[in-house]
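Have the model open as you read.

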Amino acid sequence: MTSETVEPVLAGVRNFRDVGGLPTTDGRRVRPGVLFRSGHLAHATEQDTAFLSGLGLHTVYDFRNAADQALEGPDVPLPGVRNVNIPLTDPADGAEFWQMVRDGDVAQLRTALAGGQAAGRMVTAYREIIKGRTGEHSRVLHDLAKGSVPALMHCAAGKDRAGLTVAVTLLALGVERDAIEADYLLSNDPHRRYRVHRGNPAERNGIDPEVRELLSPLFDARAAYLAAAYETITDAWGDVDTYLRSGLGLADTTRERLRDRFLD
C-alpha cells in the first residue's frame, strides 16, 4: 500500500490490503486499486461486504480447498463479482492435520511439530506449491492478463497460498524482491493473523503457551519460507524469466499485457 492510503479495518475479514504502490525494478509502481489480498471472506460482516463491493472487483480468487470451505464456510457473495475457486495444497497437509491441531493434545503436537518440524513443513509446502502448481499459477496470470481486474486473492489466512500467488504475480510484473518480501511479511501484524480455535473450550480465550509456541511457525510469515520458493524457482528453472516463460507458459506479450493492466 502507498503511504497515502488509509487501510480499512474489516471486522470479519483478516489480512486485507491493497498491493498498490510496490516498486518495480524499472522504476514503475503497482497501480493502487487493481490487486488486493486477504484472508477468507466467509465471515465478512454487512459493513465489510459493503466496503468490498465498493472496490469495483472483477474477480475474487479463492485458493482454499473443500476442507477449508467446509470448516470456514463459503465466501460472502459480492454482487456482480466473479468468483473463481482454484484449490492449492494446504501448507499443513489438509484437514486431518488441522483436526489434530484443533483437538490433539500437547504430546501429539509436540511429536508432529517440535524441533523445527513445523517450520520444515512450511518450507516443504512452499517448495511444493511453486513446483507442483504451475498450472494453477499459469491460469491465474493468463486470466488476469485477459482483464480479470481488479482482483482479490485469498486463501484461509491470506498468507501462504494467496501469499505465494501474489508473489508470483508480482514477479511477473517485475516488482523488486525486497518489496515483495516486505508486503508478504505484513501478514505477521497482530491484527492480520489468522485465529485458530482449538477444541478444548478452556483454551478459547488463551491457548496453552507451549501449544502456541508449537503452532507459531504455521501462522508466521517468515522470510525463509519465501526464500524457499525463490530457491525452488532457481533450482528447477534457473531464473525467474525462464520460470515465467517455460514453467508458467507466460509469453512476453502476455507479460506486457499484465504490466499494462497493473502498473502505473
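F16 and F36 are both buried. Keep in mind that this is a predicted model. For F16, the relative accessibility comes to 5%; the cut-off for buried is under 20%, so F16 counts as buried.

Now look at how the rings sit. The structure as a whole holds 6 aromatic pairs. In the one made by F16 and F36, the ring centres are 5.7 Å apart and the planes meet at 15°, so this pair is stacked. F16 belongs to the segment before β1 (17-18), while F36 is in strand β2 (residues 35-38), so the pair ties together parts 20 residues apart in sequence.

F16 also pairs with F51, this time edge-to-face, with 5.6 Å from centre to centre and 85° between the planes. F51 sits in helix α1 (residues 46-53), so here the parts tied together are 35 residues apart in sequence. With a relative accessible area of 29%, F51 is partly exposed.

Elsewhere, a charge meets a ring: R177 lies over the face of Y230, 4.2 Å from the ring centre.

On to the nonpolar cores. The largest has 63 residues, and L144 and L170 have the most contacts inside it. Helix α7 (residues 161-173) is its biggest contributor, giving 9 residues. Another core, of 13 residues, lies apart from it and includes L10, L41, A44 and L52.

What does L144 touch, leaving aside neighbours within four places in sequence? Its contacts are Y61, V149, A151, M153, T169, L258, R261 and F262.

Terms used. Residues are numbered from 1 along each chain as its sequence is written. This is a predicted model: local features need pLDDT of at least 70, side-chain atom pairs count only at pLDDT 80 or more; totals for chains, interfaces and linings use all residues. Side-chain values use heavy atoms; hydrogens and water are left out. A nonpolar core is a set of buried Ala, Val, Leu, Ile, Met, Phe, Trp, Tyr and Cys residues joined through side-chain atoms within 4.5 Å. Buried means under 20% relative accessible area, exposed over 50%, partly exposed in between (1.4 Å probe, protein chains only). Helices (H or I, at least four residues) and strands (E, at least two) are DSSP runs, numbered from the N terminus. Contact means heavy atoms within 4.5 Å. Rings of Phe, Tyr and Trp (its six-membered ring) pair if their centres lie within 6.5 Å; planes under 30 degrees apart count as stacked, over 60 as edge-to-face and the rest as tilted. A charge sits over a ring if NZ of Lys or CZ of Arg is within 6 Å of the ring centre and within 35 degrees of the ring normal.
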